[in-house]
Amino acid sequence: MAASAAVTANYVLKPPPYPLDALEPHMSKQTLEFHWGKHHRAYVDNLKKQVLGSELEGKPLEHIIQNTYNNGDLLPPFNNAAQAWNHEFFWESMKPGGGGKPSGELLALLERDFTSYEKFYDEFNAAAATQFGAGWAWLAYADNKLKVVKTPNAVNPLVLGSFPLLTIDVWEHAYYLDFQNRRPDYIKTFMNNLVSWEAVSSRLEAAKAASS
């Protein structure tokens, strides 16, 4: 089973690795205050209550996620554990002054597996735009290959045998304050102005090492 390539969330509401206003004008401080400060906080707080006194208490989030996915027949702690993990991974997928085109080995692998960066960009954007309702789009690594996947609700690649490298949150609360119902504009802004390709490259190296 694949494990986290770099980021390990826990039962503490870890702040994003930048001030809450650092992603402006592309993602507002108000969005971070609500999304991180209220939604993410609720997942962490609810998880603590769910696992208190159980055999899952104190276990890493990855362990809880993989052991409560239950082949898609989700056990109660799954959603809060996965959402706590997903959100920390999402914050660390962004940086001020991010976006644009990656370089180095990551770019070479994107060109190998998608034929061009532009084809990857289009496929990732399409996955994020067409995820019905709440969910996530991901760049993931498995079997020495990069792939784009989309997942509903709290599901992530950890339960699909893949290493997550990049994600975008397409739950409405992730973008509605800034973009209202214009999800495609939010996705383009994320890709063009926010992605931390350094974080993605670091996760790729960890995934390759764990796969060898």
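Predicted model: local features only at pLDDT ≥ 70, side-chain atom pairs only at ≥ 80, totals over all residues.
Which residues does the UniProt annotation "binding site" cover? In the unreviewed entry, this annotation takes in H35, H87, D169 and H173; positions from UniProt are given in the numbering used here, feature names are shortened, and annotations may be inferred rather than shown by experiment. The four residues span 139 residues in sequence, yet no two of their C-alpha atoms are more than 12.1 Å apart, so they gather at one spot.

Residues are numbered from 1 along each chain as its sequence is written, and side-chain values use heavy atoms, with hydrogens and water left out.

H35 lies in helix α1, which covers residues 29-51, and H87 lies in helix α3, which covers residues 78-91. Helices here are DSSP runs of H or I with at least four residues, strands are runs of E with at least two, and both are numbered from the N terminus. H35 is buried, with a relative accessible area of 0%, and H87 also counts as buried, at 0% relative accessibility. The word buried stands for under 20% relative accessible area, exposed for over 50%, and partly exposed for values in between (1.4 Å probe, protein chains only).

The surroundings of these two residues tie the site together. Leaving out residues up to four places away in sequence, H35 touches H40, H87, F90, W91, D169, H173 and A174, where contact means heavy atoms within 4.5 Å. With its neighbours within four places in sequence set aside, H87 is in contact with H35, H40, Y43, W136, D169 and H173.

Charged side chains come next. Side chains of opposite charge can pair when their charged atoms come close. The structure holds eight salt bridges, a salt bridge being a side-chain nitrogen of Lys or Arg within 4 Å of a carboxyl oxygen of Asp or Glu. One of them joins the side chains of E88 and K14, at 3.7 Å from N to O. This pair links distant parts of the chain, with E88 in helix α3 and K14 in the segment before α1, 74 residues apart. E88 counts as buried at 3% relative accessibility, whereas K14 counts as partly exposed at 38%.

K14 also forms a salt bridge with E92, and here the closest N and O atoms are 3.1 Å apart. Again the pair links distant parts of the chain: E92 sits in the loop between α3 and α4 (104-114), K14 in the segment before α1, and 78 residues separate them. E92 is buried, with a relative accessible area of 18%. Taken together, K14, E88 and E92 are linked in a network of salt bridges. Elsewhere, R112 and D113 meet through their side chains in a salt bridge of 2.7 Å, N to O. Of this pair, R112 is partly exposed, with a relative accessible area of 43%, and D113 is buried, with 17%.

The UniProt annotation "domain: Manganese/iron superoxide dismutase N-terminal", from the unreviewed entry, covers residues 11-95. The end C-alpha atoms of this span lie 23 Å apart, and the span is 53% helix and 0% strand. Separately, the domain assignment of the protein gives domain 1 (29-93) and domain 2 (104-210), with bounds that come from an automatic or database domain assignment.

The C-alpha centres of domain 1 and domain 2 lie 20 Å apart, and the contact takes 21 residues from domain 1 and 27 residues from domain 2. Between them the two domains bury about 1900 Å², 65% of it on carbon and sulfur atoms; buried area is the accessible area (1.4 Å probe) that two parts lose on being put together, summed over both. F89, F90 and S93 supply 30% of the area that domain 1 buries against domain 2, more than any other three residues. The count of salt bridges between domain 1 and domain 2 is zero. On the side of domain 1 that touches domain 2, α1, α2 (61-68) and α3 each supply at least two residues, and the largest share, nine residues, comes from α3.
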